[in-house]
Amino acid sequence: MVRPQQSGNTFSDLPAGVYFVEVESGDCIAQERIQIEEGEELTSKEPVIYNAICADDLGSIELELQGGSGVYQYAISPNLDQFQNKNVFEDLEPGTYTIIAQDSKGCNPFVYKKEIVAPSPVAAKANILEKEFCAGDKTASFEINIEGGTPPYYTALNTQEDDKFIENKTMFDGLEGGETYVVFVKDANGCSTNVIVTLDKSVDLSPRAEMSQNCFDNSAVNEVTIMLAQDNLEDVIYTLDGGVDQFENRFSNLAPGKHTVTVSYFGCEKTVDFTVDPIVPLNLSVGESNINEFTILPTGGAAPYEYFI
């Protein structure tokens, strides 16, 4: 006899085996053979952790049970009293989680404590190495310092096209002043950020020659004025044909032919070439075109002409 006689009709906590149940009621006795099968052991594989790829991504945890009743349920903190049939927990923020995995009978559940980890954000900072002083020289440069994420890093200047990203390129040169540049950064996992770099405006001389002809003491004289793209610059030096330096931007009575003026401003130097045409003296011819009528025909000088009598 495994158990003594009892008035209740339930026998609990019986190991697997064959049992004979006898029921007495007055003078009547009934007996039944009952076999309890050994249940299949519940086993669990080690949970698979899918960590966040980028700092602002989410992770997931996958579990796998075998054996037991064949029907499984899972719960994760902070809601350990809420079970689900799906064996994957998704959209998990970085942190530590407690997971319960069991079969439908709840026998010998597996309890795990697992952590979702995310890399630190990809961050970049620019450091200007050199400014472009003279416009057009393209001598400006800067470098960026990258940290966080997962090395190696890839960068591209002013574009996000995949084939333009270069591994470990952190220095950029040959740049123009007064421009804004955007460096796009990616790490090994494709996590990204960008850095905006605005360079100071450079000195823009861009000289041009404006020529004019005037009359002085009834003689024609030429004058060349050198104009600059940038106004209000002081202490600009002008040099005509490699001669004497001067601060005045005007040159008068230049010989006909080709000339060059060099404009210098604290190391920024530009040149402008121009040609002075010969001045033909003003001549007049007077002809009688009708009775008491004369016609004056000017030549030379610089048109248009004005007439006085």
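N249 counts as buried because its relative accessibility is 17%, where buried means under 20% relative accessible area, exposed over 50% and partly exposed in between, with a 1.4 Å probe and protein chains only. The model is a predicted one, in which local features need pLDDT of at least 70 and side-chain atom pairs count only at pLDDT 80 or more, whereas totals for chains, interfaces and linings use all residues. Residues are numbered from 1 along each chain as its sequence is written, and side-chain values use heavy atoms, with hydrogens and water left out.

The loop that holds N249 lies between β20 (245-246) and β21 (250-252), strands being DSSP runs of E with at least two residues, numbered from the N terminus. When neighbours within four places in sequence are left aside, N249 is in contact with V224, T225, I226 and Y238, contact meaning heavy atoms within 4.5 Å.

V272, which is placed in strand β23 (residues 268-276), counts as buried because its relative accessibility is 8%. Among the contacts of V272, again leaving aside neighbours within four places in sequence, are P207, R208, I226 and H259. The C-alpha atoms of V272 and G148 are separated by 51 Å, and the two residues are 124 residues apart along the chain.

How values were computed:
Helix = DSSP H or I, 4+ residues; strand = E, 2+ residues; numbered from the N terminus.
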